[in-house]
Amino acid sequence: MAGHVQGGVKVDFLAAGDELLALEQAKYQAGFRFVVGIDEVGRGPLAGPVVAAAVGFPQGAKIPHVNDSKQLSEEKRLLLDAAIRAVPGVKIAIAEVSVEEIDQINILRATHLAMRKAAGEIPEADCLLVDGLPVPGLPCESFAVVKGDAKSASIAAASIVAKVYRDNLMVELDKLYPGYGLAENKGYGTAAHLAALRQLGVTPIHRKSFAPVRDILDPPPEQMELF
């Protein structure tokens with residue numbers, strides 16, 4: 001199926017029997033009323049927050065032909081982000097957990113916290129499809145879906161919304177902390193980013209509990225030469 005979004009740009013929509021809708025359809029057939037997908041982005045970078053998004057489409061909605069955000073070009077992600085937001089009745093929530101909290105409670109717990117925050121902002125949800133492994137403390141019944149962003153339209157949509165949001169955030173942080181290439185590397189530990197860290201030092205948005213940053217703040221002792 002095909003349609004149009006703003007500016008007359010064509011976007012494809014999922015057919016009713018598409019495999020990406022099978023999980024959602026099964027949950028609605030099981031009696032759930034509003035299914036929401038959840039995904040996160042930013043678990044691995046050395047800088048910036050971790051971000052989670054929750055996206056729920058009404059039953060019967062025309063859903064853009066989404067895909068795992070990592071499989072999409074930046075241009076395609078931006079197009080799909082706009083198309084997702086344009087779906088009538090869609091519910092979207094985005095939550096971020098700061099670098100300070102990541103360093104306090106560790107990245108796994110921070111990721112789970114971001115997911116719980118995002119889920120809590122969609123009170124209509126009574127079923128959550130969560131990318132990856134189970135997340136404790138979610139506000140309603142949830143189902144973990146390994147590689148869910150390739151199996152569920154809702155999770156794939158959440159992955160796109162989260163990625164676009166965080167990428168935009170890192171572009172803004174690049175203006176505040178120039179020299180680290182954050183607009184390009186999005187906080188990930190590229191060779192150029194690591195070189196900038198050694199040359200320019202650690203900023204307030206770097207994760208001090210992550211080894212490459214921690215070792216610059218507190219270098220490990222040099223090993224004695226054995227020979």
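Me: How many bridges join β3 to β6, and do they run parallel or antiparallel?
Reply: This is a predicted model. In it, 4 bridges join β3 to β6, and the two strands run parallel. I38 stands opposite V130 in β6.

Me: And which way does β3 pair with β4, parallel or antiparallel?
Reply: Antiparallel, over 5 bridges. Strand β4 spans residues 50–56. G37 stands opposite V55 there.

Me: What's the strand order in the sheet?
Reply: β5-β4-β3-β6-β7. The sheet is open, has 5 strands, and its pairing is mixed.

Me: Which strands stand at the edges?
Reply: β5 and β7. Each has a single partner strand, so one side of each has no neighbour in the sheet.

Me: How much twist is there from one strand to the next?
Reply: The twist averages 20°.

Me: What about β4 and β5, how many bridges there?
Reply: 7 bridges, with the strands running antiparallel. A54 has A93 in β5 as its bridge partner.

Me: Which strands does α4 touch?
Reply: α4 packs on the sheet and touches β3, β4, β5 and β6. Its direction makes about 30° with that of β4.

Me: Back to β3. How many of its residues are buried?
Reply: 7 of the 7, so β3 is largely enclosed by the rest of the structure.

Me: Which residues sit on which side?
Reply: V35, G37, D39 and V41 are on one side. V36, I38 and E40 are on the other. Both faces are covered.

Me: Which residues touch the most other members of the largest nonpolar core?
Reply: V36, I38 and L128. That core has 41 residues. Elements giving two or more residues to it are β3, β4, β5, α4, β6, α5 and α7.

Me: Where does the largest share come from?
Reply: From α4, which gives 7 residues.

Me: What does V36 touch?
Reply: Leaving out residues up to four places away in sequence, V36 touches A54, V55, G56, I122, A125, C127, L128, L129 and S154.

Me: C127 is on that list. Is C127 buried or exposed?
Reply: C127 is buried, with a relative accessible area of 0%.

Me: How many disulfides are there in the whole structure?
Reply: The search finds 0. The closest cysteine sulfur to that of C127 is in C140, 7.0 Å away, too far for a bond.

Me: And for C140, which cysteine sulfur is closest?
Reply: The one in C127, at 7.0 Å, again too far for a bond.

Me: New topic: helix α1. Which of its residues are buried?
Reply: E24, K27 and Y28. They cover an arc of only 100° around the axis, which puts them on the same side of α1.

Me: Why do residues three or four places apart point the same way?
Reply: An α-helix has 3.6 residues a turn, so such residues point the same way.

Me: What do the buried residues of α1 pack against?
Reply: Against β3, β6, β7 and α5. After α1 comes G31, whose phi is positive, near 110°.

Me: Where is K163?
Reply: In helix α5. K163 is buried, with a relative accessible area of 17%. Not counting residues up to four places away in sequence, K163 touches V41, S69 and R77.

Me: What about P123, buried or exposed?
Reply: P123 is exposed, at 68% relative accessible area. P123 lies in the loop between α4 and β6. The C-alpha atoms of P123 and P139 are separated by 8.6 Å, and the two are 16 residues apart along the chain.

Me: Last one: T203. Where is T203 found?
Reply: In the loop between α7 and α8. T203 counts as buried, at 7% relative accessibility. T203 touches Y177, Y180 and K208, not counting residues up to four places away in sequence.

Me: How far apart are T203 and N185 in space?
Reply: 16 Å, C-alpha to C-alpha. In sequence, T203 and N185 are 18 residues apart.

How values were computed
Residues numbered from 1 in each chain as written. Predicted model: local features only at pLDDT ≥ 70, side-chain atom pairs only at ≥ 80, totals over all residues. Heavy atoms only, no water. Buried < 20%, exposed > 50% of the residue type's maximum accessible area, 1.4 Å probe, protein only. Arc of directions from axis to C-beta. Contact = heavy atoms within 4.5 Å. Pairing = 2+ DSSP bridges. Core = buried A, V, L, I, M, F, W, Y, C linked by side-chain atoms within 4.5 Å. Disulfide = S-S within 2.5 Å. Axes fitted to C-alpha atoms, helices over the stretch in contact; angles between N-to-C directions.
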